[in-house]
Amino acid sequence: EIEKRTRGKMQCTVETLEQHAIPARQVRSLVRISWPTPGRRPGVPENDKSVTIRRCEAHVVGWIRVSSKQGGALRVDREGAKTNPTSPYLATRFPGEREAGKMEQLFRSETVQVCAGALVKPGDSRSYVFEFTLPPELPPSFTGSCFSISYGVVVETQLEGVGNIAPEPRQVQLPILVLSKRPPDTLHPIQVYCPGGAQHAFAASARPVEHGNINGG
């Protein structure tokens, strides 16, 4: 699976390195920032233009959502729950749904810096591996007539601005297929993230791909 977001000539691509994700196991995604030049003729030097990536960050998020055809709402007991703030991605994609009881965040990992201050020129491509471990209590990805459970890697990129004017950050989300033996109707949404009130350590990290070696080392 590949998700791409283009801003002008810049592209941010996110792809999975595994066919599916399993709770309590490491999951890897490849973040690639590039400036393709499809019309460049061989032997013709590139111009001196360049773009600086002010910041590129990634986090993992999971959510449960009531079907738009259903008139009910989620009933969530947040007493004693310790969850991270709602992902800006969910607030933007489903405006007002959390307040209306139509969508609830299951979990959100810490935000990891993928890169900052990277200089990209026409024809350049920079790749980074974003790694994380999903909580062991997660229900599987699920789509039903009443509700759905979804997961995704969210990557936010912002280019360097001119003077005091900074371009708006752009987000791209790559869906993750989570396989689990736990049925989606047996776990409390908040307990998914913090069973017993204890937060899960996602052990999320990002590193550059050196000489095409995705596995590092």
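This report describes the aromatic ring pairs and the nonpolar cores of a predicted model.

Residues are numbered from 1 along each chain as its sequence is written, and the model being predicted, local features need pLDDT of at least 70 while side-chain atom pairs count only at pLDDT 80 or more, although totals for chains, interfaces and linings use all residues. Side-chain values rest on heavy atoms, with hydrogens and water left out.

Rings of Phe, Tyr and Trp (its six-membered ring) pair if their centres lie within 6.5 Å, and planes under 30 degrees apart count as stacked, over 60 as edge-to-face and the rest as tilted.

| Pair | Centre to centre | Angle between planes | Class |
|---|---|---|---|
| Trp63 and Phe94 | 6.1 Å | 50 degrees | tilted |
| Phe142 and Phe147 | 5.2 Å | 40 degrees | tilted |

Trp63 lies in strand S4 (residues 51-66) and Phe94 in the loop between helix H1 (88-93) and strand S5 (103-108), so that this pair links distant parts of the chain, 31 residues apart, where helices (H or I, at least four residues) and strands (E, at least two) are DSSP runs numbered from the N terminus. Ring pairs also join Trp63, Tyr89 and Phe94 into a cluster. Both Trp63 and Phe94 are buried, whereas Phe142, at 30% relative accessibility, is partly exposed, and Phe147, at 22%, is partly exposed; buried means under 20% relative accessible area, exposed over 50% and partly exposed in between (1.4 Å probe, protein chains only).

A nonpolar core is a set of buried Ala, Val, Leu, Ile, Met, Phe, Trp, Tyr and Cys residues joined through side-chain atoms within 4.5 Å. In the largest such core, of 35 residues, Ile53, Leu134 and Val155 touch the most other members, and strand S4 contributes the largest share, 6 residues. Another core, of 7 residues, lies apart from it and has Val61, Leu90, Phe94 and Met103 among its members.
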